[in-house]
Amino acid sequence: MLNQEKFYNHLKNNGVDFFTGVPDSYLNGFCNYLVANASDNEHIISANEGNAVAIASGHYFATGRLPLVYMQNSGMGNAVNPLASLADKNVYSVPMIWLIGWRGQPGTGDWAQHQLQGEITCSLPEIMNIEYKILADDEAKTAEILDWACRKAMTERCPVALIAPKGVLASEKKPNTTDTSYPLSREEAMEIVMNCMPCDTIYSATTGRATRELFFLREKRNESHCCDFLNVGSMGHASSVALGIAIAKKERPVVVFDGDCACMMHMGALTMASKVNVPNLIHIVLNNGAHESVGGQPSAGFAVDFTGIAKASGYVTMNKPATTEKEISEFISALRKTGKASFLEIRIHKGLSRPLPPLDISHKEIIDDLINELNRKDCV
């Protein structure tokens, strides 16, 4: 891994004075360095990647100085719209450094949800006429690339992309950081919910550790996986998948295990509760105030009134978060009786409650099992 202090200082010496983006496991060394060393006015963790491009553009308009936007390549799609229709030279010509973590790089053997994105990572900047270079774990070469990128971005007033393969800006292992902010872990909270719901409940678990923990909870409880949707990619969309299921199968209870960061990434999805009658849907946000799956960087989770936003969006709520087993059980029981789409925020502490292996599954088998479960004749 590159020396993060040198990397940061080289950017600063080239005029980069503002950093924004969505944390990534392949960039976690750099992201954690920013959290520890950059001021609140210099570093903003954004709700999603397009949001970061727009924030960076505003910074340039206000200061004339060069910003850096960071993200995992899975978020490139969110960034395409403002890059193509705001920052492009045919529109407002915004210079910025676009730093991308290269999950699924061909030949590296990454998980299936990263494969296609890894294959097209270099093609997307090319399609948008954005020049790019691939970083390496080499201080001298990196310095040359940073000099080139900053000079080009400002001289030609354009975005320039830097692609970071595994090991360049992140260490091999992510720590399992725990705290004592709230009594329950994510896995404990999820199991309490499962104990309160009928055995035929459909669960949609968000990207990251929630999918992993749901899978291994089923293993621990000797239960089938056929009622579970594991949203291993497409961060922020687990609730929308659940909504589609709930609309089609009104007789089946549907529970979303969402995360604070995933919910904020596409918060507009909450408003669908005001448009669609889905009394069988319970949307749960497991809020630990962190981007835990990619390194534990802080989120805005504990500062956001998810319950108030959900209520204003059309959900029935209990008007406050749950933090204990007793509250979860009582709130779930009450919400199930409302006859409307309902929402519950559960505040939890960071960290895995137990060591878990990687989620090594057959995506086709697990989705086919869910499809077959939802299309059994007695479920139609």
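Is glutamate 187 buried or exposed? Glutamate 187 is buried, with a relative accessible area of 3% (buried means under 20%, exposed over 50%, partly exposed in between, using a 1.4 Å probe and protein chains only). Welcome to this predicted model, in which local features need pLDDT of at least 70, side-chain atom pairs count only at pLDDT 80 or more, and totals for chains, interfaces and linings use all residues. Residues are numbered from 1 along each chain as its sequence is written, and side-chain values use heavy atoms, leaving out hydrogens and water.

**Salt bridges overall**
- The model holds 21 salt bridges, each being a side-chain nitrogen of Lys or Arg within 4 Å of a carboxyl oxygen of Asp or Glu.
- One network of salt bridges links Glu191, Arg218, Lys220, Arg221, Glu223 and Asp228.

**A link between distant parts**
- Glutamate 187 forms a salt bridge with arginine 354, at 2.7 Å from N to O.
- These partners are 167 residues apart: glutamate 187 sits in helix H8 (residues 186-196), and arginine 354 in the loop between strand E13 (342-347) and helix H14 (363-374).
- Helices (H or I, at least four residues) and strands (E, at least two) are DSSP runs, numbered from the N terminus.
- Arginine 354 is partly exposed, at 28% relative accessible area.

**Two further pairs**
- Arginine 221 and glutamate 223 meet in a salt bridge of 3.1 Å, N to O.
- Arginine 221 is partly exposed at 21% relative accessibility, and glutamate 223 is partly exposed at 27%.
- Arginine 376 pairs with glutamate 373 in a salt bridge of 2.9 Å, N to O.
- Here arginine 376 is partly exposed, at 32%, whereas glutamate 373 is buried, at 11%.
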